[in-house]
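This report describes one protein chain for a reader who has not seen it before.

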Amino acid sequence: MTKAALAEWLGVSNKTVSKWETGKCMPDYSVIELLCKELEITVAELLDGDEKADKSVRVYDDAQVLGLVKRIQVLEQHRTSMA
């Protein structure tokens, strides 16, 4: 899948996908699950930047990670609106 096709499928711009690729920003909470599904990876793998090793053990699951990402984004939005 091309960057343009992925961007269109997720409803974001090519520039947004480029920023994710270069680490300039993270995907919004609302698209993380769709992105992981399309890339066939877990949320932890997306955020770690590495594929899960066969015998590795994670101490958190996708729901926990998504909850943390959502809370961080809400806090950042609140902080920005207060500035």
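## How the angles are taken

Axes are lines fitted to C-alpha atoms, for helices over the stretch in contact, and angles between N-to-C directions run from 0 to 180 degrees. The model discussed here is predicted.

## Helices H3 and H5

Helix H3 covers residues 29–39 and helix H5 covers residues 62–82; their axes come within 9 Å and cross at roughly 150 degrees. Because angles over 145 degrees count as roughly antiparallel, H3 is roughly antiparallel to H5.

On the H3 side, the contact is made by Tyr29, Ile32 and Glu33, and on the H5 side by Leu66, Val69, Lys70 and Gln73. By type, the residues of this contact are four nonpolar, one polar and two charged.

## The two sides of H5

H5 has 21 residues and reaches 30 Å from its first C-alpha to its last, close to the 30 Å expected at 1.5 Å a residue.

Its buried residues are Val65, Leu66, Val69 and Gln73. Seen down the axis of H5, these buried residues fall within an arc of 100 degrees, so they line one face of the helix. They pack against H3 and against helix H4, residues 43–48. On the other side of H5, the residues Ala63, Arg71, Leu75, Arg79 and Met82 are exposed.

## The chain as a whole

The chain has five helices and zero strands, and its elements run α-α-α-α-α from the N terminus on. Of its 83 residues, 20% count as buried. Among contacts between residues at least 6 apart in sequence, 29% join residues at least 24 apart.

Terms used
Residues are numbered from 1 along each chain as its sequence is written. This is a predicted model: local features need pLDDT of at least 70, side-chain atom pairs count only at pLDDT 80 or more; totals for chains, interfaces and linings use all residues. Side-chain values use heavy atoms; hydrogens and water are left out. Helices (H or I, at least four residues) and strands (E, at least two) are DSSP runs, numbered from the N terminus. Angles under 35 degrees count as roughly parallel, over 145 as roughly antiparallel, 65 to 115 as roughly perpendicular and the rest as oblique. Contact means heavy atoms within 4.5 Å. Ala, Val, Leu, Ile, Met, Phe, Trp, Tyr, Cys and Pro count as nonpolar, Asp, Glu, Lys and Arg as charged, and the others, Gly among them, as polar. The expected span of a helix is 1.5 Å times one less than its number of residues. Buried means under 20% relative accessible area, exposed over 50%, partly exposed in between (1.4 Å probe, protein chains only). The arc is that of the directions from the helix axis to the C-beta atoms.
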